[in-house]
Amino acid sequence: MKRTIDTLEKRISDAMAAAAGRSDCAAIVRLSTDPKFGDYQANGVMALAKKIKTNPRKLAEQVVSNLDIADICEPPEIAGPGFINLRLKSDFITGRLLQINADVENRLGIEKEAQPRTIVVDFSCPNIAKQMHVGHLRSTVIGDCICRMLEFLGHNVIRQNHIGDWGLQMGMVVQAIETACFNLTSNDKYLLSLLSENPQKWENESLKRIDLNLEQLESLYIKTNKALEIGHPDFEERIRRLLVGLQHGETGCLIFWSKARDITLKECQRMYNLLNVTLTGKDIRGESFYKDDLHEVVDKLLKSKIAEKSEGAVCVFPDGFKNKEGQRLPFIVQKSDSAYLYATTDLAAIRYRINELKADKIVYVTDARQKLHFEMLFATARMAKWVGDDIELSHVMFGSVLGDDGAPLKTRSGENVKLKELLDEAVERAKAVVEEKNPNLPADKKQKIAEAVGIGAVKYADYSNNRTSDYVFSFDKMLAMDGNTAPYMQYAYARIKSIERKAQTKDVDIATELAGLERLDLTELAELELAKYLIRYGEAIDAAVSDYRPNYLTAYLYELAQKFSAFYTNCPVLDAGPDKRPTRLLLCDLTARTIKHGLSELLGIEVVEQM
RNA sequence: GCGCCCGUAGCUCAGUUGGAUAGAGCAACGGAUUUCUAAUCCGUAGGUCGCAGGUUCGAGUCCUGCCGGGCGUGCCA
């Protein structure tokens with residue numbers, strides 16, 4: 001089932017082309033700004049009239065006379081300076097609803113993309129030896145939604161969790177694990193003896209016994225970091241040696257590193273499961289994966305004269321980038337101490353994604369502060385001809401999560417707020433609300449509802465904000481029952497489910513009433529409004545996915561829930577007469593399916609049967 | 001200094017290649033519950049879209065300048 005707006009766009013554009021005798025015509029069909037203008041409006045005639053220097057209203061008349069859309073709309077009306085106003089026929093609306101109802105694939109009548117692409121999405125990207133914190137929330141959640149939407153439309157999505165598991169800090173990570181082993185050894189005679197006699201065996205033995213969780217590892221890492229900052233030359237030298245050892249693949253260093261990686265990834269996976277994010281172990285492809293390609297990246301850039309030595313470092317100077325003195329700005333791919341950095345890794349990753357993963361598009365979901373980095377990265381990759389003109393590189397950026405004070409969200413002591421603590425508190429608060437509103441539910445149900453609502457609220461708040469702007473984090477707002485929040489959406493869904501449960505006690509067989517449904521009765525305004533909105537779901541997804549903006553989807557879902565709530569208060573369902581009831585049951589069913597699909601399939605937010 | 005992002009109702013924010021009278025939610029005020037979950041609905045009030053120019057049939061949206069804020073700006077990611 002084609003999207004209505006696309007069909008209208010095509011037909012009107014064609015009619016414009018016929019009227020104007022040229023091919024570059026765009027109807028620019030949009031939702032009407034006001035119900036009195038109908039459902040859709042075409043804005044393109046005025047621009048075209050200007051281009052071909054003619055009277056826009058006359059042109060509009062010509063276009064309309066060429067136009068055959070009687071299967072969809074009432075006769076179009078020309079208004080104002082040259083708008084074409086379109087009102088959907090009620091037959092068309094009911095036809096669509098029935099088609100959605102009959103969709104056996106449960107896709108709510110939404111078609112897959114005619115030309116599926118291979119799209120790599122790079123997101124989440126936690127770091128080794130660090131707990132996920134609020135800074136990872138947006139990338140993880142928005143990236144996941146983008147993947148889900150693209151996949152639903154039939155694209156081949158390849159998730160890439162580009163974790164920070166290589167580079168400068170790894171010396172300290174190795175040191176941290178080693179410290180943990182020493183701590184273990186200090187009161188263990190056997191390990192003590194091994195330490196002097198057989199260091200290799202000591203490493204294996206102590207690692208086997210070590211039982212660190214990520215929190216403990218992180219705290220060791222932080223201590224190491226602090227010790228380094230204070231500045232002991234010996235210690236500094238030791239960390240540097242560990243880093244070099246790791247980079248040269250010394251087994252001792254590698255097994256410590258690998259242990260830290262395992263501890264970290266295990267905990268991250270817990271977070272993904274808790275967040276209902278689709279990432280798994282197979283999506284992990286961190287910086288370390290590219291470590292052996294870095295030399296070649298720099299070498300190729302140097303050989304092709306794209307990179308040059310400057311102040312000891314190897315730099316690329318892409319066109320159009322200037323520094324503060326107005327001189328060309330470097331994209332450093334190798335430091336003067338010959339170490340590689342994230343620019344190098346990112347270039348290696350681009351090559352891998354295009355050559356091995358066969359990406360048509362690569363989408364990076366990272367915060368807005370990295371904008372310049374990605375602009376230079378893309379420019380460099382294109383200069384090197386590693387990325388063809390037919391391949392799209394997108395930096396999907398987002399703003400920061402702020403605290404009440406307007407500064408990036410931190411704890412009182414100035415640390416990043418841990419994601420786990422944030423989610424725990426959200427669930428805790430949601431639980432208090434469930435307890436208050438619905439104390440009679442069994443405890444396990446209350447817990448499930450609290451988890452769905454609490455975590456859903458955090459995610460939904462993130463989605464519903466325009467991703468490019470910063471937003472102020474507020475439990476009170478995201479858990480509010482009014483407004484564009486997860487609980488409001490979940491409540492609307494729960495109300496429909498409640499009707500369904502009630503139906504059984506009233507001997508109403510919903511399945512039977514919906515199965516043979518052929519005629520609908522949309523006489524009430526609230527019914528018609530809801531019906532029209534339901535058939536637009538595909539348009540909302542398209543808008544959200546084509547600009548990677550989940551807030552378009554949440555805005556649609558919210559409005560849908562509002563229209564449902566209006567319908568719910570005005571139109572009794574189960575007590576309606578036999579002529580009205582099937583239509584109303586269908587509206588309930590399709591609303592529930594749409595909300596569930598949007599929340600649970602596309603946003604990864606659980607719905608609940610009762611609240 | 002330069003670059004990027006932003007500035008919309010008291011607050012938080014939507015606003016889709018420039019479209020008709022700029023929209024929500026919160027807060028405020030008024031109303032609706034013998035009725036499928038009131039965790040709801042309906043209504044009222046609230047605006048110089050930072051300021052000043054410009055482009056045009058038409059600007060919150062595009063251009064220029066200014067004011068205010070955030071971020072970035074050669075060896076972190």
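First, the ground rules. This is a predicted model, where local features need pLDDT of at least 70, side-chain atom pairs count only at pLDDT 80 or more, and totals for chains, interfaces and linings use all residues. Residues are numbered from 1 along each chain as its sequence is written, chains are lettered from A and ligands numbered from 1 in the order in which they are written, and side-chain values use heavy atoms, with hydrogens and water left out.

Now the helices. Helices here are DSSP runs of H or I with at least four residues, strands are runs of E with at least two, and both are numbered from the N terminus. Take α5, residues 134-152, and α16, residues 443-464. Their axes come within 10 Å and cross at roughly 80 degrees. Therefore α5 is roughly perpendicular to α16. Axes are lines fitted to C-alpha atoms, for helices over the stretch in contact, and angles run from 0 to 180 degrees between N-to-C directions. Under 35 degrees is roughly parallel, over 145 roughly antiparallel, 65 to 115 roughly perpendicular, and the rest oblique.

Who touches whom? Contact means heavy atoms within 4.5 Å. From α5 come Leu137, Arg138, Val141, Ile142, Asp144 and Cys145. They meet Val458, Lys459, Asp462 and Tyr463 in α16. By class, that contact has six nonpolar, no polar and four charged residues. Ala, Val, Leu, Ile, Met, Phe, Trp, Tyr, Cys and Pro count as nonpolar, Asp, Glu, Lys and Arg as charged, and the others, Gly among them, as polar.

On to salt bridges. One is a side-chain nitrogen of Lys or Arg within 4 Å of a carboxyl oxygen of Asp or Glu. How many salt bridges does a search of the whole structure find? It finds 44.

Start with Glu392 and Lys361, at 3.9 Å, N to O. Glu392 lies in strand β11 and Lys361 in strand β10, so the pair ties together parts 31 residues apart in sequence. Glu392 is partly exposed, at 34% relative accessible area. Lys361 is buried, at 18%. Buried means under 20%, exposed over 50%, partly exposed in between, with a 1.4 Å probe and protein chains only.

Next, Asp367 and Arg369 meet at 2.8 Å, N to O. Asp367 is buried at 16%, whereas Arg369 is exposed at 70%.

Then Lys563 and Glu559, at 3.9 Å, N to O. They sit four residues apart in helix α22, so about one helical turn separates them.

Last, a network: salt bridges link Asp188, Glu205, Lys208 and Arg209.
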